[in-house]
Amino acid sequence: MSTATDTPLTSGPGTSLRTGPGATLQLTVATLGFLVNFWAWALLGPLGPGIKERLDLGFAAQSLLVAVPVLVGSLGRIPVGALTDRYGARAVFPLVTLATIIPVLTLTVVSSYPALIVTGFFLGIGGTAFAVGVPLVSGWYPAARRGFAIGVFGIGTGGTAIANFTTVRLADVYGEDAPFLLIAAILAAYAVLAFLLLRDAPGRVRPAGTLRQRLTAVARLTVTWQLCFLYAVGFGGFVAFSVYLPAYLRTQYGLEPADGALRTAGFVVLAVLARPAGGWLSDRVHPVPVLVWCFAGVAVLAVVQAFAPPLMPVATVALLGMAALLGAASGAVFALVGKVAPADQVGAVTGLVGAAGGLGGFVPPLVMGWVYDIQGSYAIGLMLLSDVALAAAVFTAVKMANLARTG
């Protein structure tokens, strides 16, 4: 006999549903795990300007350093999402967390640029936690509340804000190894917590077939690639800003590393808070119109920022406005995933879509650094962001309107 404490509630379309405290506990533990793994994943971002000066790197080399964990964390979501479908989040989440401890501790002993690149490669494991949590949360919540629940889980992206708030300050006050030792201890504690408390949703369907067969089946779904494009713009834009904004603020506005990291943390916090708002709006309206308005707004604000306005108040308003819109768009995309993905393939779809989002965050920092090295300006990079966001708004309004009509 099932109870409200351990069984997700389901019902017909349009029904208002409540979930029991069992679902709330799983959402809370999953969000915490996403937070701490993302904290580890983002460690190199705030340290980038200092490493650049210490090793006398160019802007392109600095951009590559902070982008490598993003790339690995993105591509790694594909197999990790499929493995989560197969073995469940209860098994995979602690393993991902434990694996992330190794590169975090390695950062205490490496100092050369090649060694930091290799360490950053393995640090990307922390970014795969996203593909573990989404199928877990999707299984515990009914479709009518799934957008908001996945949006709440997305608050875990705030780990990048914690990294920006704390990494430089901890290193300055307690020594350069302090942030790495702290997050390693937190990751170890969470791995134990996850093993004790995480439970896969009752009735979870284990997909048949090999990993390759499941990924192939998901890749054949047209909507998978549509979602990949939208998430590459929405979440990719957020990731790109979160890892490159400290360097941008230092170069464009002459801010000190600690000040730039603090302002970047504010950008990330606002985007994180906007993510569940995007999911909530998607549950009540539909993800498609939410995405159209968010991408259109990003296109306008990116043009404003391309002209390098004064930091206060115009640039601050433009950057924070983009943070809110990109965060809401990210929440809306996964609200759409919850509506259209087959129940036994949510992890695989999440892996592919999440990988696209991470790749969307990998490319812009490289482009920004390359363009600045050539032109001495970030204007071209920001105008490209505006063009891509506008294309996403038009694509969503035209090509995905049928989903809004039939949703």
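Is Thr-31 buried or exposed? In this predicted model, Thr-31 has a relative accessibility of 13% and therefore counts as buried, since the cut-off for that label is under 20%.

**Thr-31 and its surroundings**

Begin by selecting Thr-31, which you will find in helix α1, the helix that spans residues 21–41. Display its side chain together with the backbone of Leu-27, and you will see that the Thr-31 side chain reaches the backbone oxygen of Leu-27 at 2.7 Å.

**The nonpolar core**

Next, turn to the largest nonpolar core, which has 123 residues, and select Val-104, Phe-241 and Phe-334, the residues with the most contacts inside it. Helix α12, residues 222–253, supplies the largest share of this core, namely 16 residues. Keep Val-104 selected and show its contacts beyond four places in sequence: these are Ala-40, Leu-43, Leu-123, Phe-180, Ile-183, Ala-184 and Leu-187.

**Helices α5 and α10**

Now select helix α5, residues 89–106, and helix α10, residues 178–197, whose axes come within 9 Å and cross at roughly 165°. The two helices are therefore roughly antiparallel to each other, because an angle over 145 degrees is classed that way, and the crossing of α5 and α10 is left-handed. On the α5 side the contact is made by residues including Phe-93, Leu-98, Ile-101 and Val-104, while on the α10 side the contributors include Phe-180, Ala-184, Leu-187 and Tyr-190.

**Tyr-231 in helix α12**

Return to helix α12 and select Tyr-231, which lies in it. Tyr-231 has 0% relative accessibility and so counts as buried. With residues up to four places away in sequence left out, Tyr-231 touches Phe-130, Gly-236, Arg-275, Ser-330, Val-333, Phe-334, Val-353, Gly-354 and Gly-357. Phe-334, in this list of contacts, is also one of the residues with the most contacts inside the largest nonpolar core.

**Helices α13 and α15**

For the last stop, select helix α13, residues 257–284, and helix α15, residues 311–340, and look along the place where their axes come within 6 Å and cross at roughly 40°. That angle makes α13 oblique to α15, and α13 passes α15 in a right-handed crossing.

Key: Residues are numbered from 1 along each chain as its sequence is written. This is a predicted model: local features need pLDDT of at least 70, side-chain atom pairs count only at pLDDT 80 or more; totals for chains, interfaces and linings use all residues. Side-chain values use heavy atoms; hydrogens and water are left out. Helices (H or I, at least four residues) and strands (E, at least two) are DSSP runs, numbered from the N terminus. Buried means under 20% relative accessible area, exposed over 50%, partly exposed in between (1.4 Å probe, protein chains only). A polar contact is a pair of N or O atoms within 3.5 Å; within protein, one must be able to donate a hydrogen and the other to accept it, and residues adjacent in sequence count only if both atoms are side-chain atoms. A nonpolar core is a set of buried Ala, Val, Leu, Ile, Met, Phe, Trp, Tyr and Cys residues joined through side-chain atoms within 4.5 Å. Contact means heavy atoms within 4.5 Å. Axes are lines fitted to C-alpha atoms, for helices over the stretch in contact, and angles run from 0 to 180 degrees between N-to-C directions. Angles under 35 degrees count as roughly parallel, over 145 as roughly antiparallel, 65 to 115 as roughly perpendicular and the rest as oblique. A crossing is left-handed if the near helix is turned anticlockwise from the far one by less than a right angle, and right-handed if clockwise.
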